[in-house]
Amino acid sequence: MEKIASFTIDHLKLLPGVYVSRKDPVGSEVITTFDLRMTRPNFEPVMNTAEVHTIEHLGATFLRNHPEFSTKTVYFGPMGCRTGFYLLLAGDYESRDITGLMVDMFEFIRDFDGLVPGACAKDCGNYMDMNLPMAKWLAGKYLNEVLYNITDERMVYPE
Ligand SMILES: [Zn+2]
C-alpha cells in the first residue's frame with residue numbers, strides 16, 4: 001500500500017506548531033485539516049491520555065460554541081501518537097487564519113475551572129479518565145512556546 005501523505009513529514013524535524021496537514025475537496029467545498037502539534041515528536045514526552053481527553057472535551061466545547069467557527073468545525077480530536085490534535089474546518093484556510101482562534105481556545109483551556117463539560121457517564125465513554133490540571137498546564141505551554149509569537153517555521157512543514 002502507498003505511504004499516506006502525513007507519514008511523509010519528517011517527524012524528526014517537526015517542531016510544535018500550527019500546520020496545514022491537508023486540504024480535501026468535498027463537493028464544492030474544501031475541508032482544511034490542521035495539525036495542532038503540541039509536543040515535539042520523538043524529543044519530549046508525549047501527552048498522557050487523561051490530559052488529551054480533557055483538552056478534547058474543552059476544545060470541542062469551545063469550538064462548537066464559537067460565534068464564527070461553530071458552523072465551520074467539522075472535527076476536533078487527538079492524534080493517536082498523543083503529540084497533538086487534528087482540527088478540521090469547512091473552508092480553505094491557512095495557519096495564520098486560525099492563530100487568533102487557537103489563542104482564544106487554548107486560553108479557554110488554560111483558564112478553565114470547574115467541571116469538565118461532558119465528563120459524566122451518560123455523556124462520555126470513559127469520563128473518569130480526565131486530568132484538568134495537566135490539560136491547563138499543556139495549554140499554557142502551547143500558548144507560550146508556539147501561539148503567542150508564532151513564526152513561519154512553526155506554520156510550514158519542514159523540508
Ligand atoms: Zn470523553
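Modeller: A residue is called buried when its relative accessible area is under 20%, exposed when that value is over 50%, and partly exposed in between. The model discussed here is a predicted one.

Biologist: What makes His57 count as buried or exposed?

Modeller: His57 has a relative accessible area of 13%. The cut-off for buried is under 20%, and His57 is therefore classed as buried. Cys124, at 14%, is likewise buried.

Biologist: Which protein atoms are the donors of the zinc ion, and how do you know that they qualify?

Modeller: The protein donors are NE2 of His53, NE2 of His57 and SG of Cys124, and they lie 2.1 to 2.2 Å from the zinc ion. A donor must be an N, O or S atom within 2.8 Å of the metal, so these atoms qualify as donors. Water is not among the atoms, so the site may look incomplete.

Biologist: Turning to the helices, how are α1 and α3 oriented to each other, and why?

Modeller: The axes of helix α1 (residues 49-64) and helix α3 (residues 132-147) cross at roughly 75° and come within 8 Å. Angles of 65 to 115 degrees count as roughly perpendicular, and α1 and α3 are therefore described as roughly perpendicular to each other. On the α1 side the contact is made by Glu51, Thr54, Ile55 and Leu58, and on the α3 side by Leu132, Met134, Ala135 and Leu138. By class, this contact has 6 nonpolar, 1 polar and 1 charged residues.

Biologist: What makes the description of α2 against α3 parallel or antiparallel?

Modeller: Helix α2 (residues 95-110) packs against α3 at an angle of about 150°, with the axes 7 Å apart. An angle over 145 degrees counts as roughly antiparallel, so α2 is roughly antiparallel to α3. The crossing of α2 and α3 is left-handed. Among the residues that make the contact are Met102, Val103 and Phe106 of α2 and Ala139, Tyr142 and Leu143 of α3. The contact of α2 with α3 has 9 nonpolar, 1 polar and 3 charged residues.

Biologist: Is Ile31 buried or exposed, and which residues is Ile31 in contact with?

Modeller: Ile31 lies in strand β2 (residues 29-37). Its relative accessible area is 15%, and Ile31 is therefore buried, the limit being under 20%. With neighbours within four places in sequence left aside, the contacts of Ile31 include Val26, Val74, Leu88 and Leu89. Ile31 and Asp92 are 61 residues apart in sequence, and their C-alpha atoms are 6.6 Å apart in space.

Biologist: Why is the phi of Asn42 pointed out?

Modeller: Most residues other than glycine have a negative phi. Asn42, which is not a glycine, has a positive phi of about 65°. Asn42 is located in the loop between β2 and α1. Its relative accessibility is 63%, so Asn42 counts as exposed, the threshold being over 50%.

Biologist: What is the phi of Arg82, and where is Arg82 found?

Modeller: Arg82 is not a glycine, yet its phi is positive, at about 65°. Arg82 is found in the loop between β3 (73-78) and β4 (84-90). A relative accessibility of 29% makes Arg82 partly exposed, as that class falls between 20% and 50%.

Technical notes: Residues numbered from 1 in each chain as written. Predicted model: local features only at pLDDT ≥ 70, side-chain atom pairs only at ≥ 80, totals over all residues. Heavy atoms only, no water. Axes fitted to C-alpha atoms, helices over the stretch in contact; angles between N-to-C directions. Helix = DSSP H or I, 4+ residues; strand = E, 2+ residues; numbered from the N terminus. Parallel < 35°, antiparallel > 145°, perpendicular 65-115°, else oblique. Contact = heavy atoms within 4.5 Å. Nonpolar A, V, L, I, M, F, W, Y, C, P; charged D, E, K, R; others polar. Left-handed = near helix turned anticlockwise from the far one by under 90°. Donors = N, O, S within 2.8 Å, 3.2 Å for Na, K, Ca; no water. Buried < 20%, exposed > 50% of the residue type's maximum accessible area, 1.4 Å probe, protein only.
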